[in-house]
Amino acid sequence: MTLDTTPPWDDVPNYIDGDWTAPSEEGREVVNPATNETVSTVGFSSAADVDEAVAAGEAAFETWRKTPVEERIQPLFKLKTLLEDHHDELAEVLVQEHGKTLGEAKGELRRGIENVEVACGIPSMMQAGHLPNAAPGIDETAVRKPLGVFAAITPFNFPGMIPLWFLPYAVATGNSFILKPSEQDPVVAQRLFELLDEAGFPDGVVQLVNGGVDTVNELLDHDGIEGVSFVGSTPVARTIYERAAANGKRAQAQGGAKNHIIVAESADLDFAAKKTISSAFACGGERCLANDVVVVDESVYDEFTERVVAEAEDQVVGYGLDDGTDIGALISPEHEERVREMIATGVDEGADLLLDGRDVEVEGYPDGNFLGPTVFGDVDPDATIAREEIFGPVLGLLPVADIDEAIEVLNRSAFGNAASLFTGSGADARKARHEADVGNLGVNAGTAAPMAFFHFGGRKDSFFGDLHAQGDDMIRFYTDETVYIERWPDA
């Protein structure tokens, strides 16, 4: 099997009950952000389309839940092999509908594959507890059971990875699963489902429904959906969580972020500067783990700022498939304009614009959604660009007196997704571990991205729910425990 990597591509279909079908309603164009040329179109699913998918999922669940777990994971082993075999093809498609660089696309898909690998260990992960003689003559055993049909609503910024935060765990635990990908870049999801089809899942176990807001609402309100996973902006995450929970569903909703890097006096400044640039500008800043506020010990602030600006000036903006590109295109002209407005706000509020990326031009791509790296200095902690998520290649630096003030600035944020600390001091690291109010914390690591066998943390306005994506949390989200209390008295 060869995946089609050359646009324009055919209309993006749904995948329902093992068949490729066209969504019922008119949708939108899918555009290459580097050229703003149409590469495909995607229709939107109606209530009837969602009903059909849920019904197929419910029917499949009755058999799939009873399938021995060793049999359930066999298609995942095959999927892992298929993803490896088509890794480069998937990455090439991803670049052309999203805008990020080829290296970033390959890295994203690698993290998705890690989740498939972890889910193949479900026979051990799904085991619960057993306690003999919990009381006189009584043994107690907890058994995890699948629940039914689950759905995930995934964002534009990681169209290859984030569906794999959820799908492998849902089906390995015995549920059926429906994916609603972003309508801005749905082709990678289609290619993923082509591989899922080849991997041999029974009809109805894995399904794809495309659409927009109305399709999402149909999933949130449908009585046949047991739970919903979401990744996206904070306002939408809050709405998704509240609506799903009000309808009696399990819900986990990953929201936005405003992540901080702390640079201590004892940090290796060259290393910290390189990792800061990578964290802030990778994927064009369009990721919830981008650390775009840097709080720096005032004793090294000027020196560190010089190094950061020098590193940022070396970043190459361009088409993601071209060699040497460090920063690709933003997802849409509308999003590019929003980021430009945030830069203007930073200037208006008095931050020192050290590097302005608004005038960048990319030879050969005059119509692309490009912004160069932008660096602000002496940012007020209460400024808009220090408080609100920008989701673009914009970095702000501000000086602090010491590690205590740095953690105070970090903890004042309404968000609690991630942070990183650069230091040579174990005492600093221990203090941050105990006091930093974030779900993911890196020490001398620019991007605090957990491996797939750990859950992806997040708190405050960055996460709504109780159980996170990846790892053991996924097992608990997709199953419920029945506790058996057994007594066998003598005759």
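Trainee: Let us start with Thr173: is this residue buried or exposed?

Mentor: The model is a predicted one. In it, Thr173 has a relative accessible area of 0%. A residue counts as buried when this value is under 20%, so Thr173 is buried.

Trainee: Where in the chain is Thr173 placed?

Mentor: Thr173 sits in the loop between helix H7 and strand E8 (176–180). Sequence and space should be read separately here. Thr173 and Pro146 are 27 residues apart in sequence, and their C-alpha atoms are 6.0 Å apart in space.

Trainee: How many Å separate Gly103 and Phe463 in space?

Mentor: Their C-alpha atoms are 28 Å apart, and in sequence the two residues are 360 residues apart. Gly103 belongs to helix H5. With a relative accessibility of 53%, Gly103 counts as exposed, because the class begins over 50%.

Trainee: Helix H5 has now been named. How does one describe the packing of two helices?

Mentor: Two packed helices are described by the angle between their axes and by the distance between those axes. Consider H5 (residues 102–119) and H7 (residues 163–172): their axes come within 8 Å and cross at roughly 15°.

Trainee: Which word describes how H5 and H7 lie to each other?

Mentor: Angles under 35 degrees count as roughly parallel. H5 and H7 are therefore roughly parallel to each other. Their crossing is right-handed.

Trainee: At what angle do helices H15 and H16 pack?

Mentor: H15 (residues 403–411) and H16 (residues 426–435) pack at about 25°, and their axes are 11 Å apart. This angle makes H15 roughly parallel to H16. The crossing of H15 and H16 is right-handed.

Trainee: What is the angle between H3 and H8?

Mentor: H3 and H8 (residues 187–199) pack at an angle of about 135°, with axes 9 Å apart. That angle makes H3 oblique to H8. The crossing of H3 and H8 is right-handed.

Trainee: With which residue does Glu117 form a salt bridge?

Mentor: Glu117 pairs with Lys80, and the closest N and O atoms are 3.4 Å apart. Glu117 lies in H5 and Lys80 in H3 (residues 74–85), so the pair ties together parts that are 37 residues apart in sequence. Glu117 is partly exposed at 38% relative accessibility, and Lys80 is partly exposed at 24%.

Trainee: Which residues are linked with Lys80 and Glu117 in a network of salt bridges?

Mentor: Glu84 and Arg110 are linked with them in that network.

Trainee: What is the distance between the closest N and O atoms of Glu311 and Lys274?

Mentor: The distance is 3.2 Å, and the two residues form a salt bridge. This pair links distant parts of the chain, with Glu311 in helix H12 (residues 301–313) and Lys274 in helix H11 (residues 269–281), 37 residues apart. Glu311 is partly exposed, at a relative accessible area of 21%. Lys274 also counts as partly exposed, at 47%.

Trainee: Arg340 and Glu336 also form a salt bridge. In which helix do these two residues lie?

Mentor: They lie in helix H13 (residues 333–348); being four residues apart there, they are separated by about one helical turn. Arg340 is partly exposed, with a relative accessible area of 22%, whereas Glu336 is buried, with 12%.

Trainee: Finally, which residues make the nonpolar surface patch?

Mentor: Met451, Phe453 and Phe454 make this patch, which has an area of about 340 Å². Phe454 lies in the loop between strand E19 (440–443) and strand E20 (459–460). With a relative accessible area of 55%, Phe454 is exposed.

Definitions and conventions
Residues are numbered from 1 along each chain as its sequence is written. This is a predicted model: local features need pLDDT of at least 70, side-chain atom pairs count only at pLDDT 80 or more; totals for chains, interfaces and linings use all residues. Side-chain values use heavy atoms; hydrogens and water are left out. Patches are made of residues with over 30% relative accessible area and no salt bridge: like charges are joined within 9 Å, nonpolar side chains (Val, Leu, Ile, Met, Phe, Trp, Tyr) within 5 Å. Accessible areas come from the Shrake-Rupley method with a 1.4 Å probe; for residues, only the protein chains shown count as cover. A salt bridge is a side-chain nitrogen of Lys or Arg within 4 Å of a carboxyl oxygen of Asp or Glu. Buried means under 20% relative accessible area, exposed over 50%, partly exposed in between (1.4 Å probe, protein chains only). Axes are lines fitted to C-alpha atoms, for helices over the stretch in contact, and angles run from 0 to 180 degrees between N-to-C directions. Angles under 35 degrees count as roughly parallel, over 145 as roughly antiparallel, 65 to 115 as roughly perpendicular and the rest as oblique. A crossing is left-handed if the near helix is turned anticlockwise from the far one by less than a right angle, and right-handed if clockwise.
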